[in-house]
Amino acid sequence: MFNSYGRYHWYLIPLAIVVLSQLPLASTSSSKTSEMESSVYTNSTLILEALLKGYDRRIRPDVKGTPQKVRVDMYVANIWAMEEVKMEFTIDIYLRQYWRDERLSFAHLTSDPILTLSSNINKQIWIPSTYFLNTKRAYMHDVTTENYLLQIRPNGSIFYSIRLTITTSCMLNLRKFPHDTQRCTLALESYGYQTSDVWYAWNDRNDNTSAIFVNKAVELPQFELVGVDKTSVINQYNIGNHSSLIATFKMRRRIGYFLIDTYVPSTIIVIISWISFWISPESAPARVALGITTVLTMTTLISSARASLPKVSYVKAIDWYLLLCLIFVFGSIMEYTFVAFILNIMKTKKKKREAALEERDWSTCSKASYNHDRIESGECPSLFAPKCSPKRGNRLTRLCHKKEKDELPEVDLKTLGDKMEERHWFPIQDPITVDRISRIGFPLTFFAFNCIYWLIHKTE
């Protein structure tokens, strides 16, 4: 038994010797790695300390030489909805600036291709005092830390990127609203340095794309981003000239919302007002109520459409459309007023014809029953004589006093309807004819107006 266990011990002894021999080598390798990492960190710290030693951030690079050239490009992450009432829009960008500071070159200190820094290093070196013109609000993102990046290359070239959200003013021209195309600008320049010290220029990206790159996922609710133009100008102030860069965002308004919210409802209201042309002219309450309801509805719709817009003094395209719709609705009420006027004239004519017939009937019965000479002498016969109806009394009384009336001066007692009837200048004698003309004339005129309106704004 002992001999069998002894044979296994002889096999285990060489294995233990090999394991124990590797322990010092692992310990030596681990210590060498930690020493190298410590050396790298120490080297980077020494480089940074050497660069910042004697560095004065208050003085720009090459202060006695040519103006410092600052190249700029930006990445547009998002464009928020534009507010027409306040005439402003909000944009989220990554502003990237490039310049060279020979005081920060470290090619003689290390062979590292780039030095990436963070923390508060941007407060320890010179940075161009860039600000945005016509800005209402702006802030730098600081979640979870301040969103900026600073890199230094061996020759002293600096790359400084910062994320900003800016709300800037945008002067809108709303004469063609909602068929308009707006141009909103984002301008930047140096606040503290003139052109003799700092010069701004747009930077061409490494992939030969525009210096202003817009995220393809940007989607505005009411606008479509057509394009971005970039320019550089010199702004003249009392203290001197300042170099400035301007990015112009061209945005075309989408009309879908206004079709559903304004154009279609106003068109339906106009069509509803035409229903009165098929209602009998005798039904005055129905036609008047329909006309007043459509006018009030159009007025409310106009107020609602103007509530979300600034109070400008000029007339907008949508105002012209709503105003014409209101005129068409109001025209339907005026059409019924015209019809009612004709109807009133017809009723007056009818009453006169009935009165003439009554006069003729009474004259016949009076000749058959009485002597006309007695009437002229002033003797009034009985109103209830044979063959004469009692309702002829008024006529008989007037004839009895004809002599007295002849002695009175003549007075023009004719109404406007009587004069119109005598002159025969009014061509339409039937109110139904006016309604029939309106049933065709109003839709055709409104259709022609829509064709002209949409053709004009489509070509624009």
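Two residues are said to be in contact when heavy atoms of the two lie within 4.5 Å. The structure shown above is a predicted model, in which local features need pLDDT of at least 70 and side-chain atom pairs count only at pLDDT 80 or more, while totals for chains, interfaces and linings use all residues. Residues are numbered from 1 along each chain as its sequence is written, and side-chain values use heavy atoms, with hydrogens and water left out.

Helices (H or I, at least four residues) and strands (E, at least two) are DSSP runs, numbered from the N terminus. Which residues does Q182 contact, leaving aside its neighbours within four places in sequence? They are M171, L172, N173, L174, F223, F249, K250, M251 and R253. Q182 is buried, with a relative accessibility of 2%; buried means under 20% relative accessible area, exposed means over 50%, and partly exposed lies in between (1.4 Å probe, protein chains only). The side chain of Q182 also makes a polar contact, at 2.5 Å, with the side chain of D180. A polar contact is a pair of N or O atoms within 3.5 Å; within protein, one must be able to donate a hydrogen and the other to accept it, and residues adjacent in sequence count only if both atoms are side-chain atoms.

Strand β8 is itself part of an open sheet of 4 strands, in the order β4-β8-β12-β11, with antiparallel pairing. Its edge strands, β4 (130-132) and β11 (223-236), each pair on one side only. From one strand to the next, the twist averages 20°, where axes are lines fitted to C-alpha atoms, for helices over the stretch in contact, and angles run from 0 to 180 degrees between N-to-C directions. Two strands pair if DSSP finds at least two bridges between them. Between β8 and β12 (residues 241-253), which run antiparallel, there are 9 bridges. Within β12, I246 is the residue that stands opposite A187.

Attention may now turn to strand β6. Of its 5 residues, 4 are buried, and the strand is mostly covered. Strand β6 pairs with β3 (residues 115-117) in the antiparallel sense over 3 bridges, and L115 has I152 in β6 as its bridge partner. Strand β6 also pairs with β7, again in the antiparallel sense, over 5 bridges; here the bridge partner of L149 is S161 in β7. How many residues separate β6 and β7 in their hairpin? There are 4 residues between them, and G156 in the turn has a positive phi of about 95°.

The backbone of several loops also deserves attention. Most residues other than glycine have a negative phi, and most peptide bonds are trans. D62, although not a glycine, has a positive phi of about 50°. This residue lies in the loop between α1 (2-52) and β1 (68-79) and is partly exposed at 47% relative accessibility. M87 likewise has a positive phi, near 55°, and is placed in the loop between β1 and β2 (88-100). Is M87 buried or exposed? M87 is buried, with a relative accessible area of 16%.

One runs from V143 to T144, with omega near 0°, and T144 is in the loop between β5 (135-140) and β6 (148-152). Another joins F177 and P178, with omega about 0°; P178 lies in the loop between β7 (157-169) and β8 (181-190).
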